[in-house]
Amino acid sequence: MKKKTTRMKNTELLLRDFRVLKAISNNVDLSQEQRAEALHKVSNIEIGLNVLNDDEMKLINLRYFNGLRDIQISTILLLSSDYIGNLASEIIYKMSRCMAV
């Protein structure tokens, strides 16, 4: 189980850094190596995002790309914050299974 937990943490870290990584991968002032590493991570995140259904993607967008907390998401989606937390963990696990993290 520890391996899954580490993979899930790595997936979450990549999601939190997605916007920065995307910007780095497009920055021509940085070295080719830096851009390539960032682009690899961005591609990896996109692979994980492509396995999600619309509802899962909505939750990921709200949590990681819009920076909302579980309680805020629960208000928007009309679900309990505990359920949102559990669902987010399941989604991260799903993503981590297909990503090279």
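**Entry 1. L78 and its loop**

I started with L78, which is exposed, with a relative accessible area of 72%. This is a predicted model, so I read every value below as computed from that model. I looked up where L78 sits: the loop between α5 (70-77) and α6. I then checked its backbone. Phi of L78 is near 60°, a positive value in a residue that is not glycine.

**Entry 2. S81**

I moved on to S81, which lies in helix α6. How accessible is S81? I found 28% relative accessibility, so S81 counts as partly exposed. I listed its contacts, leaving out residues up to four places away in sequence: S81 touches D70, I71 and S74. I also took one distance. S81 and N61 are 20 residues apart along the chain, and their C-alpha atoms are separated by 16 Å.

**Entry 3. Helix α6**

I checked the length of α6 next. The helix covers residues 81-98, which is 18 residues. At 1.5 Å a residue it should span 26 Å, and its end C-alpha atoms are 26 Å apart, so the two agree.

Which residues of α6 are buried? I noted I84, G85, A88, I91, I92, M95 and S96. Seen down the axis of α6, these buried residues fall within an arc of 135°, so they line one face of the helix. I looked at the other side of α6 as well, where D82, E90 and R97 are exposed. A reminder to myself: an α-helix has 3.6 residues a turn, so residues three or four places apart point the same way.

**Entry 4. The nonpolar core**

I asked how many residues the largest nonpolar core has. The count is 22. Those with the most contacts inside the core are L15, I45, L49, I60, F65 and M95. I then traced the core to its elements. Those giving two or more residues are α1 (2-16), α2 (18-25), α3 (32-49), α4 and α6. I kept the general point beside this: in soluble globular proteins, nonpolar side chains tend to be buried together.

Not counting residues up to four places away in sequence, L15 touches I45, L49, I60, Y64, F65, I92 and M95.

**Entry 5. The aromatic pair**

I searched for aromatic pairs and found 1 in the structure. F18 and F65 form this pair. The rings are tilted, at 5.4 Å centre to centre and 45° between the planes. F18 lies in helix α2 and F65 in helix α4, so the pair ties together parts that are 47 residues apart in sequence. Are F18 and F65 buried or exposed? Both are buried.

**Entry 6. Salt bridges**

I counted 5 salt bridges. I wrote up three of them, including the one between K22 and E46.

K22 and E46: the closest N and O atoms are 3.3 Å apart. K22 lies in helix α2 and E46 in helix α3, so this pair ties together parts that are 24 residues apart in sequence. K22 counts as partly exposed at 34% relative accessibility. E46 is partly exposed too, with a relative accessible area of 30%.

E37 and K41: this salt bridge has its closest N and O atoms 3.4 Å apart. Both residues lie in helix α3, 4 residues apart, about one turn of the helix. E37 is partly exposed at 46% relative accessibility. K41 is partly exposed at 30%.

E56 and K94: here the closest N and O atoms are 2.8 Å apart. E56 lies in helix α4 and K94 in helix α6, so the pair ties together parts that are 38 residues apart in sequence. K94 is partly exposed, with a relative accessible area of 24%.

**Entry 7. A second look at E56**

I went back to E56, in helix α4 (residues 54-65). Why does E56 count as buried? Its relative accessibility is 14%, and buried means under 20%, so E56 falls on the buried side. I listed its contacts, leaving aside neighbours within four places in sequence. E56 is in contact with V51, I91 and K94. Two of these contacts lead back to earlier entries. I91 is one of the buried residues of α6. K94 is the salt-bridge partner of E56.

Conventions
Residues numbered from 1 in each chain as written. Predicted model: local features only at pLDDT ≥ 70, side-chain atom pairs only at ≥ 80, totals over all residues. Heavy atoms only, no water. Expected span 1.5 Å × (residues − 1). Buried < 20%, exposed > 50% of the residue type's maximum accessible area, 1.4 Å probe, protein only. Arc of directions from axis to C-beta. Contact = heavy atoms within 4.5 Å. Core = buried A, V, L, I, M, F, W, Y, C linked by side-chain atoms within 4.5 Å. Phe/Tyr/Trp six-rings, centres within 6.5 Å; stacked < 30°, edge-to-face > 60°. Salt bridge = Lys/Arg side-chain N within 4 Å of Asp/Glu carboxyl O.
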